[in-house]
Amino acid sequence: MTRNYTIAIVGGGASGIGLAAKMVESMPHGLSTAQVSIAIFDAQGLRGGNAYAPDVSSNLMNTLCGAVDRSFGGAFGIARWAAEHPDKWQSDVGGAELDADAYLPRPVVGKYLSGLACHASRAAAERGWRLDAIVDEVVDILPPATPDGDYCVQTAAGEAFRARFVYLAIGHLPRVRTEAWQLEDGYHHNAYPIARLAREIPTEASVGVIGTRLTAIDVALGLAAAGHTGRISCVSRQGRLPAVRADRGSYRFEKLEREDLIGQLADADQKLRLADVARMLGSEVEHAQGHPVELRDIIGEYRPAVDYYEDEIALARGRARPWQAVLYATNRNIDLLWHHLAEEDKKILVSSG
């Protein structure tokens with residue numbers, strides 16, 4: 001039997017749940033929307049996806065709690081959820097209140113996203129809508145047979161669902177193993193969940209981590225917190241560790257405020273290239289710093305990890321860092337930059353993620 005929905009969302013992570021919640025919250029009332037139905041498909045259920053799955057509490061968000069409060073759920077932000085359900089997060093955070101200036105464990109955000117899905121489902125029911133979770137893997141999507149027809153969403157369990165609109169919110173797909181050594185028992189193709197690594201890797205074993213960015217930090221902190229005593233070595237082409245985030249601060253662009261950017265892009269004869277974006281941001285960083293800035297001035301020379309982070313913490317403590325403030329501010333224009341970016345450069349960004 002085929003089940004019918006107005007909207008199908010493939011993926012029950014932050015994007016899929018957030019999209020459904022925003023639809024329920026913002027779509028106007030009226031006869032034309034009275035029978036709206038939404039299905040969210042995810043083989044793991046609506047728990048926030050891999051990024052926010054249950055795991056060790058040392059896996060932290062890289063954005064302050066206050067900055068993400070309403071980003072997923074609008075009026076039902078994480079602060080409201082925390083006030084209504086203290087039992088669901090206090091043991092992970094170790095405090096009685098949710099601090100807006102804290103970096104939350106990602107599993108706590110996963111619990112919130114599950115709560116947001118339940119909230120959105122109740123809100124939908126109050127409006128006469130349906131918001132259903134389909135715990136199954138989508139294996140194919142067939143296009144409409146006619147211009148005003150429906151898509152057919154097919155699942156691993158052999159079910160078929162019809163939907164007028166389909167949104168993909170599938171996040172990062174699993175990477176394929178391409179080398180023989182990736183099949184060895186001691187190799188872990190995915191670092192998450194860190195709790196699994198801590199269980200499966202002997203505490204005295206030497207561990208090599210390919211990469212030195214945020215995932216590498218999660219691995220090192222998670223293993224250390226679990227009592228790992230063996231040597232942990234992180235290796236990458238550049239050997240650069242993530243910078244410490246300072247206070248967000250506020251920054252008004254010299255030339256890239258949204259209205260100015262809309263005008264510049266509307267007058268452009270061709271699509272933006274990544275080099276163009278780099279020049280734009282470089283000019284704004286120079287304006288924010290008050291003097292010319294080279295990339296090497298930001299990343300510095302190679303130093304041992306402890307020395308590097310002691311300096312980074314000192315630079316970030318109690319103040320904003322101008323170059324970071326520029327990058328934070330760019331978030332409010334990222335949709336415009338992406339829309340006007342050349343297709344080949346979009347592919348570069350997607351493939352490098």
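**Entry 1: α9 and α12**

I began with helix α9 (residues 274–289) and helix α12 (residues 322–330), whose axes come within 8 Å and cross at roughly 130°. The model is predicted: local features need pLDDT of at least 70, side-chain atom pairs count only at pLDDT 80 or more, and totals for chains, interfaces and linings use all residues. Residues are numbered from 1 along each chain as its sequence is written, and side-chain values use heavy atoms, with hydrogens and water left out.

I took helices (H or I, at least four residues) and strands (E, at least two) as DSSP runs, numbered from the N terminus. Axes are lines fitted to C-alpha atoms, for helices over the stretch in contact, and angles run from 0 to 180 degrees between N-to-C directions. Angles under 35 degrees count as roughly parallel, over 145 as roughly antiparallel, 65 to 115 as roughly perpendicular and the rest as oblique. α9 and α12 are therefore oblique to each other.

I noted a right-handed crossing of α9 past α12. A crossing is left-handed if the near helix is turned anticlockwise from the far one by less than a right angle, and right-handed if clockwise.

I then listed the contacts (heavy atoms within 4.5 Å). From α9, Leu281, Glu284, Val285, Ala288 and Gln289 meet Pro322, Trp323, Val326, Leu327 and Thr330 of α12. These contact residues divide into seven nonpolar, two polar and one charged. Ala, Val, Leu, Ile, Met, Phe, Trp, Tyr, Cys and Pro count as nonpolar, Asp, Glu, Lys and Arg as charged, and the others, Gly among them, as polar.

**Entry 2: α1 and α5**

Next I looked up helix α1 (residues 14–26) against helix α5 (residues 106–126): they pack at about 30°, axes 9 Å apart. They are therefore roughly parallel to each other. Their crossing is left-handed. Ala14, Ile17, Ala21 and Val24 of α1 meet Leu113, Leu116, Ala117, Ala120, Ala123 and Ala124 of α5. By class I found 10 nonpolar residues in this contact, no polar and no charged.

**Entry 3: strand β2**

I checked burial in β2 (residues 37–41). Five of its five residues are buried, so the strand is largely enclosed by the rest of the structure. Buried means under 20% relative accessible area, exposed over 50%, partly exposed in between (1.4 Å probe, protein chains only). Ser37, Ala39 and Phe41 point one way, Ile38 and Ile40 the other.

β2 pairs with strand β3 (residues 130–134) in the parallel sense, over five bridges; pairing needs at least two DSSP bridges between strands. Ile38 has Leu131 as its bridge partner in β3.

**Entry 4: a cis bond**

Last, I found a cis peptide bond between Tyr192 and Pro193, with omega about 0°. Pro193 sits in the loop between β6 (160–168) and α6 (194–200).
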